[in-house]
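Student: Can you walk me through this one? I'd like the plain version.
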Amino acid sequence: MADVASQLGVPAQICLIAELRWRVLRNHLRRKNSTLDLIGLIWAAICAGSLVVGLSLAFGWGAYTAVSTERFSWFFPFFWGIFLFWQAFSIFVAGFGASFEFRSLLRFPFSLSAFYVVGLAYGFADFSALASIFWLLALTVGVAIADPSLLPTMLVVVLLFTMLNVTFERLVGSWLERLLARRRTREFLFGIFIMLTVGVQFIRPLLTRYAGGAPSSLPRFLTYLSPFPPSLAGDAIAAAGGGQGGEVFASAGGLLVYIGILSALLWQRLAQQYRGEELSEAAAPSRTVVRPRIPVTRDLLQPFSPQVAAILRKEFRYLSRNGFVLVSLLMPPVLVLLFTSQFGGKHPSVTHHGVSPDMLFPGMMGYVILMLMTPAYNCFAYEGRGIQTYFTAPVRFRDVLLGKNLIHAGVLAFEVILSMSVLALRIGLPSMPVLIATIAAVIFAVAGQFAIANWVSLSFPRKLEFGSMRGQRSSGVSIWVAFGIQIFLAGVCSLILLMGRWTSSPWLPAEAFLGLAAASVAGYFAALDALSGVAEKKKEVLIETLCR
Amino acid sequence: MADAAIVTEKLTRRFGPLTAVDGIDLQVAAGQFLGFLGPNGAGKSTTIKMLTGLLAPTSGRVQLLGLDFSSNTLEVKRQIGVVPEGMGLFERLTGSEYLNFVGRMYGLDAATTRRRSEELLEFMQLADRPKSVISDYSHGMQKKLALAAAVIHGPRILFLDEPFEGVDALAAGALKALLARMTERGVTIFLTSHVLEIVERLCSHVAIIAKGRLVAQGSLEELRAGVAGELGRQTTLEEIFLSIVGQDDLGRPQMEELSWLM
């Protein structure tokens, strides 16, 4: 019989998992098909690092000032800010590292207690946790410099607050994992998230209109928050600063109670996982259904070649089954509604005088295009292994790209018309020269971007999970190229519009954009054949990346 | 070979310093059912990818049905069917939608595509889940669908990369019958499989690749003639395979070295 290895200690297991995560990240970076992609990632990491360090300095200075000037109430927003960032960021934004499923560790010989401890330790490896701990340490340093006698209290509070946050984050994460196992739930939550994101934008106009009573009700609102952990942490520091030992113990005790409750709930949740909870979105086998023969009807896509028509149909089906994309299509008209309430109409909330439709319309169409064109830069994201079909079937890649671009252009046209309708209803349409110039500019920008976006999609593909929002990010190069092209196009369009204004020739921009649109469309079709050659050259990268 | 369906000349593919396929000269006659065998990492999938246009050769030539692949890509692709490694399915379409998509991509008209899709779904016993998307299919169902998609346009050569992996015995029986019928009608089939019994039962010819080189090719009888078996008993394909490929594995650790596992 084979010998049995002795049980590994929990600290050793934690070290092993930390090493595993590091290796997963390192190998992920090594697989980049382009150094440019890696540069994009490094640049994003530098930006995030700068944000963390910058805010650490701000938190440290804030804590120092708060203690030095005895404004201990400042600690409430400090702790609330860190708490909200820690919890919200880990839910909605993917980390910098490659994804790694914690549950997959269950096949190893863990006891439930070891699984719990490892699970908790795992929570410290998130970007949000690391950044938040950095800021808490900055607060501690600020307090210690201002008044060293507060350091013991601060250390205890920071320790309790950290434990509470990591436990809460793991608990929420484990519940979300269960909820998000089903695609429909994911889409529903994503819809709520989008609506919340958009809803937040309406706060400013509402506050502007009803701001009168807000300051007086703020203290009353803050008292409602006092039983919650960030307020308790702030209370403890404020009480220590005021020499109220009893209050310090009461607040710290409150935090301990929270930690106890959350730990019990997390234990229960992880125990369910430990016992083999099944998370799957696969549908149960359905009963046998006798399919009626559907008569062949007239094909609406007859003007297109069979291949392009087939791709149009397939793309439409993919679009209609991707709840996230459908929900995100609601954004442009809603944002047009928002902008018209902020900048236009009879009661603009941001400016004193409403911006004229001639100014607002081109700007908003630019914004709509900016939002809707981004997916074109990674148009094979959802193909998965199906990408092989494009290379085994007798089809020219120009037809594949044409089919994909046509469906995208159709969605864009629908969204532009919808947004224009909202605009017309809210503040009216712009003058004819501006209307024609803007529509021609949209055609110029879209056709031009398609040609470049197709090349980027072929050269720097990134697989995205269908119906998932966590960990979904296009390649660094495609993000930066899209960003650069859109800035360039915005610059060109603005310059032409301003030229019309400077020369007092209202039709000049329209003429210029019509010329550019014609050139851009011609360039797009001319590029399609060349892109077929690029696809042939890049097929190995495409297949390897998307079939992974 | 005048009626050769598949011909390769010095077909080579390198990945950096690694030569995955090393100067293969392969000839498969029209109507042959060829089993392409080799140990893991021998170069089977790389070869089939080059034969189907999924991978460009580093050097060498591929000729299918008398046409040079690199200069007649679309014409060649019209006449071949492929079940690639990983099956190449669009997982968010239903089975019916996928077959209709593939049929149209191969240039079939709408009515023919629809009729063949329905017949293939019935034959493959996939017609009872019309609303399920492919990602909800079992692995075996996906294999059957991939095979249906590979034959919907009536190809003259069929390339199958591990087509029976994960397919249940009942379905495998039906698929074998389908493939046998296709070879009777003159279709050339190029199949890779790790299950030697399947290859032995289905294939008339066998080619064996090891470390990127073609080490044997011929009919089963020709290969049997080259390997001595026990008296009065026919040599099995497994014995042929091991006698040709197994000799290279002398450097492999012996079981005695795993005494701690015994």
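Tutor: We'll go through the chains, their contact and the packing, bearing in mind that this is a predicted model.

Student: Start with chain A. How many helices and strands does chain A have?
Tutor: Chain A has 20 helices and zero strands. Of its 548 residues, 35% are buried.

Student: Which share of its contacts joins residues at least 24 apart?
Tutor: The figure is 83%, counted among chain A contacts between residues at least 6 apart in sequence.

Student: Give me one helix of chain A. What length does helix 17 reach?
Tutor: Helix 17 of chain A covers residues 397-426 and reaches 43 Å from its first C-alpha to its last. Just after helix 17 of chain A comes A:G428, with a positive phi of about 90 degrees.

Student: And A:I42, where does it lie?
Tutor: A:I42 lies in helix 2 of chain A, residues 35-68. It counts as partly exposed because it has 13 C-beta neighbours inside 10 Å. The C-alpha atoms of A:I42 and A:G476 are separated by 9.3 Å, though the two residues are 434 apart along the chain.

Student: Switching to the interface. How many residues of chain B are in contact with chain A?
Tutor: 35 residues of chain B are in contact with 33 residues of chain A. On the chain B side, helix 2 (73-78), helix 3 (95-105) and helix 4 (110-123) each supply at least two residues. Helix 3 of chain B gives the largest share, five residues.

Student: How does that side divide into nonpolar, polar and charged?
Tutor: The side of chain B that touches chain A has 19 nonpolar, six polar and ten charged residues.

Student: Now the sheets of chain B. What is the strand order in the six-stranded one?
Tutor: The order is 6-7-8-3-9-10, in an open sheet with mixed pairing. Strand 6 (80-83) and strand 10 (213-219) of chain B stand at the edges. Each has a single partner strand, so one side of each has no neighbour in the sheet. The twist averages 15 degrees from one strand to the next.

Student: In which sense do strands 3 and 8 of chain B pair?
Tutor: Strand 3 (33-37) and strand 8 (188-192) of chain B pair in the parallel sense, over four bridges. B:G35 has B:L191 in strand 8 of chain B as its bridge partner.

Student: What lies across strand 3 of chain B?
Tutor: Helix 9 of chain B, residues 237-245, lies across strand 3, strand 9 (205-210) and strand 10 of chain B. Helix 9 of chain B runs at about 30 degrees to strand 9 of chain B.

Student: And the four-stranded sheet, what's the order there?
Tutor: That open sheet of chain B has the order 2-1-4-5, with antiparallel pairing. Its edge strands are strand 2 and strand 5 (67-68) of chain B. Helix 1 of chain B, residues 44-52, packs on the sheet and touches strand 1, strand 2 and strand 4 of chain B.

Student: How many bridges join strands 1 and 2 of chain B?
Tutor: Strand 1 (4-15) and strand 2 (18-29) of chain B pair over eight bridges. B:T8 stands opposite B:L26 in strand 2 of chain B. In the hairpin of these strands, B:G16 takes a positive phi near 60 degrees.

Student: Last topic, packing. Why is helix 5 of chain B described as largely enclosed?
Tutor: Ten of its 13 residues are buried, so helix 5 of chain B is largely enclosed by the rest of the structure. Among the buried ones are B:M141, B:K143, B:K144 and B:L145. The cover includes strand 6, helix 3, helix 4, strand 7 (157-161) and helix 6 (169-184) of chain B.

Student: Which residues have the most contacts inside the largest nonpolar core?
Tutor: They are B:Y98, B:L145, B:I189 and B:F190, in a core of 144 residues. Helix 18 of chain A (432-459) gives the most to this core, with 14 residues.

Student: What is B:I189 in contact with, leaving aside neighbours within four places in sequence?
Tutor: Its contacts include B:F33, B:L34, B:L158 and B:L179. There is also a second, separate core of 45 residues, which includes A:A63, A:F75, A:F161 and A:A236.

Methods
Residues numbered from 1 in each chain as written. Chains lettered and ligands numbered in written order. Predicted model: local features only at pLDDT ≥ 70, side-chain atom pairs only at ≥ 80, totals over all residues. Buried ≥ 20, exposed ≤ 12 C-beta atoms within 10 Å, placed from the backbone. Contact = placed C-beta atoms within 7 Å. Nonpolar A, V, L, I, M, F, W, Y, C, P; charged D, E, K, R; others polar. Pairing = 2+ DSSP bridges. Axes fitted to C-alpha atoms, helices over the stretch in contact; angles between N-to-C directions. Core = buried A, V, L, I, M, F, W, Y, C linked by C-beta atoms within 7 Å. Expected span 1.5 Å × (residues − 1).
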